Amino acid sequence: MPALAVEIRDLVMRYGERAAVDHLDLDVVTGSVTAILGPNGAGKTTTVETCEGFRPVQEGSVRVLGRDPRDPELRPRIGVMLQSGGAWSGSRAEEMLRHIAALHAHPLDVDALIERLGLGSCGRTPYRRLSGGQQQRLSLAMAIVGRPELLFLDEPTAGLDPQARRAAWDLIGELRDHGVTAVLTTHFMDEAEQLSDTIHIIDSGRVIASGTPAELTRESAHDTMRVTARPGLDVPSLMAALSDGTKVEERTPGSYVITGEVSPTLLSTVTAWCAEQGVLVESILVERETLEDRFLDLTGRSLR
């Protein structure tokens, strides 16, 4: 069994009579990037804050690097990036980062980190006057400067421009390559797909789906192939050439939708059939359900 950096068993966290986290089980494998996704109010923030030691466990158990989350000996070993705050409003950006670095025995090179995250131009600016993106980059720098074994990242790229967002992705990937474990919450599905080894989708305080990004999207039956050719093709003949369970519809003249298990075999069979019929294919488009589609299928599409 792989070593676990975070192990949650039967966790229950209540606000009054309402269970924000309802008998939740969740694992984070050491050396991986794990994303926790869920709609607002699903319980993901409460879960992560409990792992960070900000909330005492009410029922169940939580182990972080093999210890109780509130064990003081964990503090030098974990890094926390809050969605907002985490710095004194009047402190200058560089001053705050150097202060955090000084609290650790073997911090990263502060100057290199400032350059890497583009903080040089705002180093003397008070935190409260930084833009939202600058505050996010400073918060990320503060979370990693102490060389943590385990990182908790809450919406790490919210408010960042595309260049800064990509730089943050690259940095998180490099940290994983060096053995750092990361747990992130995000509302950006592309971010979860790009960064995560494992994704847990939480709703109503429980994990409702887990897996790699590929596994979660592969579970859907909504893969389609769209073929554009001349109108009026012999659809029953084409369906007979394909594997059982594959359907073909001409939804508008000349536009054919093929649903089933989209594979290289299906693609070659369709093109071979068209060639035998003397049909010139104008375009073929393969569409797979995205992680966002899967997320909405599982959690619902209505606003809460």
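1. Helix 1 gives the most to the lining of the largest cavity: three residues. Helices (H or I, at least four residues) and strands (E, at least two) are DSSP runs, numbered from the N terminus. The model is predicted: local features need pLDDT of at least 70, side-chain atom pairs count only at pLDDT 80 or more, and totals for chains, interfaces and linings use all residues. Residues are numbered from 1 along each chain as its sequence is written, and side-chain values use heavy atoms, with hydrogens and water left out.

2. Stay with that cavity. On a 1 Å grid over the protein atoms alone, a cavity is a set of points where a 1.4 Å probe fits but cannot get out; lining residues have an atom within 4 Å of a point. The largest cavity holds about 40 Å³ of space. Val6, Ile8, Leu26, Val28, Ile36, Thr47, Val48, Cys51, Phe152 and Val183 line it. Two or more of these residues come from each of strand 1, strand 2 (18–29) and helix 1 (44–51).

3. What classes of residue make up the lining of the largest cavity? Nine are nonpolar, one is polar and none is charged. Here Ala, Val, Leu, Ile, Met, Phe, Trp, Tyr, Cys and Pro count as nonpolar, Asp, Glu, Lys and Arg as charged, and the others, Gly among them, as polar.

4. How many cavities of 30 Å³ or more does the structure hold? There are two. The second largest cavity has a volume of about 30 Å³. Its lining is Val227, Leu233, Leu238, Tyr256, Ile258, Val270 and Cys274. Strand 12 (255–259) and helix 9 (264–276) each give two or more residues to this second lining.

5. Now the open space. A pocket is an open set of points with protein on both sides within 12 Å along at least five of seven lines. The largest pocket has about 510 Å³ of space. It is lined by 21 residues, and Ile78, Gly79, Val80, Ile100 and Met142 are the closest to its centre. Strand 5 (78–81), helix 2 (93–102) and helix 4 (132–144) each supply at least two lining residues. Strand 5 has the largest share, with four. By class, the pocket lining divides into 13 nonpolar, six polar and two charged residues.

6. Next, charge pairs. Side chains of opposite charge can pair when their charged atoms come close. A salt bridge is a side-chain nitrogen of Lys or Arg within 4 Å of a carboxyl oxygen of Asp or Glu. The count comes to 15 salt bridges.

7. Look at Arg14 and Glu59. Their side chains form a salt bridge at 2.5 Å, N to O. Arg14 is in strand 1 and Glu59 is in strand 4 (residues 59–64), so the pair ties together parts 45 residues apart in sequence. Arg14 is partly exposed at 36% relative accessibility, and Glu59 is partly exposed at 33%. Buried means under 20% relative accessible area, exposed over 50%, partly exposed in between (1.4 Å probe, protein chains only).

8. Then find Arg77 and Glu149. They meet in a salt bridge at 2.7 Å, N to O. Why does this pair tie together parts that are 72 residues apart in sequence? Because Arg77 lies in the loop between strand 4 and strand 5, while Glu149 lies in the loop between helix 4 and strand 6 (150–154). Arg77 has a relative accessible area of 26% and is partly exposed. Glu149 is also partly exposed, with 37%.

9. Two further items on charge. Arg67 is partly exposed, with a relative accessible area of 28%. Glu7, Arg9 and Asp27 are linked in a network of salt bridges.

10. Finally, check the backbone. Most residues other than glycine have a negative phi. Asp10 is not a glycine, yet its phi is positive, about 55 degrees. Asp10 is in strand 1 (residues 4–15), and it is partly exposed at 39% relative accessible area.

11. Ser204 also needs a look. It has a positive phi of about 55 degrees and is not a glycine. Ser204 lies in the loop between strand 8 (198–203) and strand 9 (206–211). Is Ser204 buried or exposed? Ser204 is exposed, with a relative accessible area of 53%.

Conventions
Points joined across faces, edges and corners; volume = space filled by probe spheres on them.
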